[in-house]
Amino acid sequence: MVVVGGGTSGWMAATALAKLLPSRCTVELVESEAIGIIGVGEATLPHIRAFNERLGIVEAEFMAATRATFKLGIEFRDWGRIGDSYIHPFGTFGRGSGEVQFHHYYTRLLRDGVPLPPIESYSMACSLARANRFGQPARDPQQIASTFGYAYQFDAVAFAPYLRRIAEGLGARRTEGRIVAAERDSRSGDVTALVLEDGRRVQGDLFVDCSGFVALLIGKELAEPFEDWSRWLPADRAVAIPCRTATAVTPYTSAIAMPSGWRWRIPLQHRTGNGYVFASDFLSESAATDALLGAVEGTPLADPRILRFKAGRRARSWVNNVVAVGLASGFLEPLESTSLYLVQQAITALIELFPEKRIAPVDRDEFNRLINMEYDRVRDFLILHYHATERDDSPFWTYVRTMPIPDSLAEKMALFKRRGRVVKYREGAFLDASWVSVYLGQRVVPTGADPRAAAPSTDSLVAGLDRMRGEIAAAVGAMPAHAAFLAGYCPMRAAT
Amino acid sequence: MTSIDAPIARIAVIGGGIVGWSAAVALRRRVPGVAVTIVATPPPPDALADRIAQTLPSTIGFHDDLGLGEDDAVLRAGGVWRLGTEFEDWAPGRPPYVHAYGSCGQPFGTASFHHHWLRAARDGTAAPFEAHAPAAMLARAGRMPIPPTGIVAEAQAAVMLDVPRYRAMLEAFARHLGVEVRDGDVATVRLRGEDGFVDAVLLADGSAVTADVFVDAAGPGAVVRGAIDDAWEDWQRWLRCDRLVTAEGAAERSTGLDRVQAMPAGWRWRTPTPDRTSHGCCYASAFMSDADAQQVLAAAGATAMTPAVAFRQGTRPEPWARNCVAIGDAATVIEPLEFTNLHLAHSAIDRIVAMLPGRACHPLEIADYNRQAQAEVVRVRDFVLCHYATAQRAEPFWRDLPALPDSLARTLAAFRERGRLPFFEEETFSRDDWLTVLIGQGAMPRRIDPLIETTDVADSERAMAAYRAAIGQAVSRCPDLDAYLHSQRKRLGR
């Protein structure tokens, strides 16, 4: 079992395999120190917690080592219109229980002409985030403080070495060297060995391609086709700059729309990650760099770095005996912090479907079906952010506002616009509340009512909503400031 | 901003069996401000969802959503609790197995419970799979999952209806809620010229029933929905049973466990209750005569035999078309194995309530409904078919099934390879339900999941034994089902 590449995805794969399948495979990871890793400060989804827990990672220790902060959601600024701001929370609106979802009542009152604050006022996660506070969610489902989850914002450059220590402790072997060629079995086409620059050969039965954009095995060697989604997601460049943190460390990531894309702001304990994701058809690299430098708060800590990419995924991520994980399998911009989520889903699926020496097609097909479904659903969710806009202030926004979108997304949007229905599925990264937050946050409002929300009187609904805000305010007030919580829970170690 | 169609003001339900009355009550009760009319034509004998008395635990959830408690919906309506089914002779040479409703085993270590069990089974050291299912052990012991705390909360009870009394209860409730009741048979269905929507249903006496949406609960004839189109997905090549005979026998102690026994050309059930014993025989007419089926039930002690009912299994790929939605046998005809008939009807009613469109029945909203409905029905079919696909009997009826539907083939292939079950949206039966049947019928994976290897065999064995012991203790504290039923009936003065 050979892992190709030692970035975040490579070490996540190596650690998980060494931990969970110790008797089934020996893990060897090949990486070259000469090749840098793309680590720009990583924002994650709550799913990462289950992954870490499975690996036996202690949260406070991991957070200290990666100078991590808590993340309650993502703030979107200037997306629907310039001046708009909403938070996509890790949690529900309202209590999230009951047969009729909260947003049906909320939008009914809006249509009735009742003046209401934004829907995020009824979300524990959003309210905590806006107040810059944090505390662990309550376990008792009766409490309003149980209605949110959280993820992390951490230094990806520190995460890989952190995992490496764990993986090596579990017996994973690291081989230093630059891969120059792959040997294949002439009959099956399977990869049999990697050839390193100094002539050494690394043999294996199964190869996990974590080589990043280079896609050494899945792309260069096996030439698996890449499905190009750039007609819907035209951003193909990012420029990144870390800055000294100038303001309070927020428990959320920000995604701020820019004239030809958007920029991220990811607060870590010791610095803030910044980057401008843009479409090179609409903006040059140097102009983007200037725009980013003009927008960031705090002192830059390094020179700007340019990343180049293309949105899309491989037709199949598992071909022959090569399983692509992370950027080698596909790329979706980090607008909704899905990069590590997709890595995690691929590793989890690989472990669940881990083959014998002879790979069963049923396992491989199932893996590809699962991974493709994940990518496709995230894709639609990302496109929604661009398409649901009223912005016409730049050629970029005019393009995304008017571009044809996939049928699957067009149907989802039409159903929401009619009666607030969110297309239902139980699997996938983003469920009801996520879609609702982006729709309403970007001014996609249902024209009709869900008939079930018609029963309560306006007065009783308004009173119920007021009570809920009071409950949320009390629960938020009882939690400490985010910075104070971090200082007590997981203060960062001195930089190494 | 586009204007949206007006809300639905009136819904007409066609069909006066328990499916139709359930729909009338739920729509009236759960959709604010909607007027409901029911055309209460008695259901035809081949409307299985209106006839089969055994239901799944989802019936109790359906009652909860209506605000109906157990006293009214179960006890006063003549119902008794049922806990599960014992399957016998489906895989000759293997012991009978119980499928009850709830979880099996407790996860520990890094792998799901069933991987621990499968490893022990490979090594020949496993206790029966069902011994780790609280629901199955309660069903075997004939004890009620009461109080629902701790391990006992892992088990759910279902209901065995007294169909005529249950229908009467629903009717009384519907009238109380203000449902308009019309009697008589449907004579014709009038479609609107411009868009083909159902305009009115004309009754035999010449009167018209008008509504914004029509719910066809009239049985397999689908008198209203069938006026729009007759597209049908036929399942008979896989599900060969096409006849049903039912009968009654003497009252017995209620155990909550019904017995479903495979026969050379079908299967039969036997469910004892303190009021009567329910018998049924479901078979394929190509391999068994009606007289032989009746003979089988008579030999089992049944009297009060009904004439054989013919049916043909399959489903409408689009239960909802224009302003008409089919439910019950008008939407799906499926044999009563695993007793999914009323469950599917109730689930369709829940879906109508949750997804009710406007008066225009916009194609997107209808397509979303049909997508979910179809996903659910196909997996229920797969679960029923799984019993046949994994049965190991030699008679011609049981042999030479054609290639299975893709979805079931995928489930079976994944399980047989390594004990994994792929996820499907809208699945009715849980992973543990599937495992119970697959393992009960002897379909074993080719290999053991490697994830299990991080847990020592001895640790697995200890954990499984401890869980079995805990189940045994919990079950012994639960009340006897028959005694509990009698005490509850006494409390209500019945």
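1. Housekeeping first. Residues count from 1 along each chain as its sequence is written, while chains are lettered from A and ligands numbered from 1 in the order in which they are written. Since the model is predicted, local features need pLDDT of at least 70 and side-chain atom pairs count only at pLDDT 80 or more, whereas totals for chains, interfaces and linings use all residues.

2. The sheet in chain A is open, with 3 strands in the order β9-β10-β11 and antiparallel pairing. Strands here are DSSP E runs of at least two residues, helices are H or I runs of at least four, and both are numbered from the N terminus; two strands pair if DSSP finds at least two bridges between them. β9 (179-184) and β11 (201-203) of chain A sit at the edges with a single partner strand each, so one side of each has no neighbour in the sheet.

3. A193(A) has Q203(A) as its bridge partner in β11(A).

4. Next, helix α12 (407-419) of chain A. G420(A) follows α12(A) and has a positive phi, near 75°.

5. Which residues of α12(A) are buried? They are K412(A), L415(A), F416(A), R418(A) and R419(A), where buried means 20 or more other C-beta atoms within 10 Å of the residue's own, with C-beta atoms placed from the backbone.

Terms used
A residue is buried if 20 or more other C-beta atoms lie within 10 Å of its own, exposed if 12 or fewer, and partly exposed in between; C-beta atoms are placed from the backbone.
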